[in-house]
Amino acid sequence: MRLLAIYLTSITCGFCLMALEILGGRLLYPSFGSSIDVWAAIITVFILSLSIGYVIGGRIADRSQDNRPLAWIILGAGVLYLTLPIYALAATEALGGVMGQLRFGVLVAGLALFLLPSLLLGMVSPVLVKLAFVSADRVGRTTGTLYAIGSIGNVLGILITDYVLLEFVPLNITMIGMGALLAVLALIHLAVRMQADATNTSGASA
């Protein structure tokens, strides 16, 4: 059950991460178009944010003893997804008006919109590895399995977003839905932790 929860968390976060990357092209399109420069900027931002997220997440994983840090990371990402519809369009229009003619302008816009939420989701994988860790003899298998499962979420996020969500669901509704999904996932992790703490406290009192 514990491993299943970890795997579902990995799939969900991987899905939302790649879905945001696909949605990023639609968010930037009105002000910056859909040229190769736009997609180069989006890919650069996500690879950069994942690299930073892996490092920070690894440090957090080394210090954490339970799933509370994971819950707060996912909740932070969920809040950012929920708030993106509020400012994304205005931000891209403002940045497009100021530096829309500059090739690096779209990179600045991509960093402003997507760096933080994708960085937070990049922090998830190292923390999940720590939570799933059983023994030093299986650390390679554990890490490989988690990253493979996260990649399944990535693939689903790309395909479902491209073929279903962008086709039938309004952009803002999609982002709000993913933000709500991440927030609920985080709250479930917190609730499970609180229940475990309460059980441990009751057991110690008895």
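Buried here means under 20% relative accessible area, exposed means over 50%, and partly exposed is in between, with a 1.4 Å probe and protein chains only. This is a predicted model, where local features need pLDDT of at least 70, side-chain atom pairs count only at pLDDT 80 or more, and totals for chains, interfaces and linings use all residues. Residues are numbered from 1 along each chain as its sequence is written, and side-chain values use heavy atoms, leaving out hydrogens and water.

I'll start with the aromatic pairs. The structure has two; rings of Phe, Tyr and Trp (its six-membered ring) pair if their centres lie within 6.5 Å, with planes under 30 degrees apart counted as stacked, over 60 as edge-to-face and the rest as tilted. Phe-46 and Phe-114 have ring centres 6.0 Å apart and planes at 35 degrees, so this pair is tilted. Phe-46 sits in helix α2 and Phe-114 in helix α4, so the pair ties together parts 68 residues apart in sequence. Helices are DSSP runs (H or I, at least four residues), numbered from the N terminus. Both Phe-46 and Phe-114 are buried.

The other pair is Tyr-54 with Tyr-147: centres 6.2 Å apart, planes at 70 degrees, so edge-to-face. Tyr-54 in helix α2 and Tyr-147 in helix α6 are 93 residues apart. Tyr-54 is partly exposed, at 34% relative accessible area, and Tyr-147 is partly exposed at 32%.

Back to Phe-114. Leaving aside neighbours within four places in sequence, its contacts (heavy atoms within 4.5 Å) include Leu-20, Gly-24 and Val-45, as well as Phe-46.

Conventions
Helices (H or I, at least four residues) and strands (E, at least two) are DSSP runs, numbered from the N terminus.
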